[in-house]
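Dear colleague,

Please find the structure below, followed by a short account of what was found in it. I would be grateful if you could read the two together.

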Amino acid sequence: MAMDHRTYFGRDAFPEELSGSEVAHFFSLSTDERHAVVVHRRALNRLGVALQIGLPRLTGTTLNSFEIIPPQILAHLGPRLRTY
């Protein structure tokens with residue numbers, strides 16, 4: 001069985017600092033992902049689902065209950081999760 005040896009940007013946690021382009025790269029949802037989140041989740045759950053999609057791209061792991069989400073990620077995702 002082949003092992004995946006990619007190195008993740010944050011490696012198990014949010015990095016200390018993220019640029020706007022890094023936030024956009026890791027947390028921009030594809031059209032299909034965004035559609036699925038907006039259609040299949042209520043407004044209260046959309047942000048959490050979007051975070052759980054983007055965080056593994058950045059760190060290779062899911063969000064734990066003790067991490068503080070950087071405000072620039074919330075500012076990036078919020079406007080993009082409104083219904084269309």
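Helices (H or I, at least four residues) and strands (E, at least two) are taken here as DSSP runs, numbered from the N terminus. On that basis the protein chain has four helices and zero strands, and its elements follow the order α-α-α-α from the N terminus on.

This is a predicted model, in which local features need pLDDT of at least 70 and side-chain atom pairs count only at pLDDT 80 or more, while totals for chains, interfaces and linings use all residues. Residues are numbered from 1 along each chain as its sequence is written, and side-chain values use heavy atoms, with hydrogens and water left out.

Of the 84 residues in the protein chain, 27% are buried; buried means under 20% relative accessible area, exposed over 50%, and partly exposed in between (1.4 Å probe, protein chains only). The chain exposes about 6000 Å², of which carbon and sulfur atoms supply 55% (Shrake-Rupley method, 1.4 Å probe; for residues, only the protein chains shown count as cover).

Taking contact to mean heavy atoms within 4.5 Å, residues 24 or more positions apart account for 74% of the contacts with a separation of 6 or more.

A salt bridge requires a side-chain nitrogen of Lys or Arg within 4 Å of a carboxyl oxygen of Asp or Glu, and the count comes to one. It joins the side chains of Arg-57 and Glu-33 at 2.5 Å, N to O. The pair links distant parts of the chain, 24 residues apart: Arg-57 lies in helix 3 (residues 43-59) and Glu-33 in helix 2 (residues 31-40). Arg-57 counts as partly exposed because its relative accessibility is 29%; Glu-33, at 24%, is also partly exposed.

With kind regards
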